[in-house]
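Reader: Could you walk me through a model the way you would read it yourself? I would like the general idea first, then the case at hand.

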Amino acid sequence: RAVTRDVNSDKARALAAAGAEVVAADVDDAKSLERAFAGAYGAYCVTFYWAHFTPQKELDEARSMAGAAKAAGLQHVIWSTLEDTRKIVPADAMPTLMGKYKVPHFDAKGEADRFFRDAGVPTTFLYASYYWDNLIHFGAGPQKGADGVLQFTLPTANAKMAGVAAEDIGRVAYGIFKAGTRYVGQKVGAAGEHLTGAQMAAALTRALGREVRHNAMTPEAYRALGFPGADDLGNMFQFYRDYEAPLNALRDVARSRALNSALLSFDAWLAKHKDRIPIA
């Protein structure tokens with residue numbers, strides 16, 4: 001069953017043609033979610049912070065999903081969450097944003113975990129990694145430097161960062177559902193590979209057939225870039241850099257592959273999608 005705001009969109013029609021039962025609902029309308037969840041075994045619940053840049057809205061959406069899951073009597077929910085960095089990062093380690101957050105698009109999801117626990121919904125907490133698809137859709141691909149050579153910006157110094165193909169997240173979630181109740185109550189990370197910025201730049205060089213250098217700017221410099229969300233992302237990259245070991249331990253590649261045998265490495269993802277990466 002596929003839940004969408006617009007059952008007549010091209011994507012919704014494609015899902016219907018592929019055999020999905022397409023139902024209308026809106027994450028901001030709790031009653032519509034209850035109707036969409038009715039009769040289902042389980043649900044994969046995810047929010048999209050970047051549509052509004054508002055942690056409180058993300059919290060409200062998660063609360064609605066948890067309540068609808070409880071009302072519908074779902075037997076298993078997979079909640080797409082992230083760490084609440086405020087429980088990990090010292091207060092003076094990075095700027096506080098919006099008055100009370102360190103990495104807003106992480107923190108609101110982590111804070112929202114309690115809605116699912118408090119509702120008594122059997123829940124698996126799925127932790128995604130850095131989407132390699134950001135290189136296509138989020139302007140994170142290589143850019144020409146002053147000397148004309150392509151630069152791949154990743155403010156994580158020499159730390160290895162967990163990354164994943166967006167298409168693999170759903171496959172990992174499906175693997176969790178197929179395992180029955182085995183992962184209820186657990187934290188499960190989804191990752192295809194752990195790579196440094198230099199390793200990602202080398203992979204991009206091989207895939208694109210052009211030199212790509214790693215631009216290892218500092219998180220401080222990244223925060224100062226000034227585009228919407230730059231401070232949030234700068235803090236995120238600092239979090240990835242400074243807490244490499246625990247973040248990657250949770251996002252275990254072998255466990256992801258056990259749940260999803262088709263798991264892509266970064267090289268394999270590039271082989272499929274390199275031509276979609278815009279080069280400025």
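Author: What follows goes from a sheet to the helices and then to a single residue. This is a predicted model, where local features need pLDDT of at least 70, side-chain atom pairs count only at pLDDT 80 or more, and totals for chains, interfaces and linings use all residues. Residues are numbered from 1 along each chain as its sequence is written, and side-chain values use heavy atoms, with hydrogens and water left out.

Reader: Happy with that. In what order do the strands of the open sheet of 3 strands run?

Author: Strands of a sheet pair through backbone hydrogen bonds, either parallel or antiparallel. Helices (H or I, at least four residues) and strands (E, at least two) are DSSP runs, numbered from the N terminus, and two strands pair if DSSP finds at least two bridges between them. Here the order is β7-β8-β12, with mixed pairing. The edges are β7 (143–144) and β12 (212–215), each pairing on one side only.

Reader: Which helix lies across β8 and β12?

Author: For angles, axes are lines fitted to C-alpha atoms, for helices over the stretch in contact (heavy atoms within 4.5 Å), and the angles run from 0 to 180 degrees between N-to-C directions. Helix α7 (residues 197–208) lies across both strands, at about 160° to β12. Helix α7 also packs against helix α12 (residues 266–273), at about 35° with axes 10 Å apart. In that contact, α7 contributes Met-200, Ala-203, Leu-204, Arg-206 and Ala-207, while α12 brings Phe-266, Asp-267 and Leu-270.

Reader: How do I check the length of helix α3 (residues 55–72)?

Author: The expected span is 1.5 Å times one less than the number of residues. For the 18 residues of α3 that gives 26 Å, and the end C-alpha atoms are 26 Å apart, which agrees. Just after α3, Gly-73 has a positive phi of about 70°. The cover over the buried residues of α3 includes α2 (30–37), β3 (42–45), β4 and α4 (104–118).

Reader: Is Ser-80 buried or exposed?

Author: Buried means under 20% relative accessible area, exposed over 50%, partly exposed in between (1.4 Å probe, protein chains only). Ser-80 counts as buried because its relative accessibility is 5%. Ser-80 sits in strand β4 (residues 76–81). Beyond neighbours within four places in sequence, Ser-80 touches Tyr-44, Cys-45, Val-46, Lys-109 and Leu-126.
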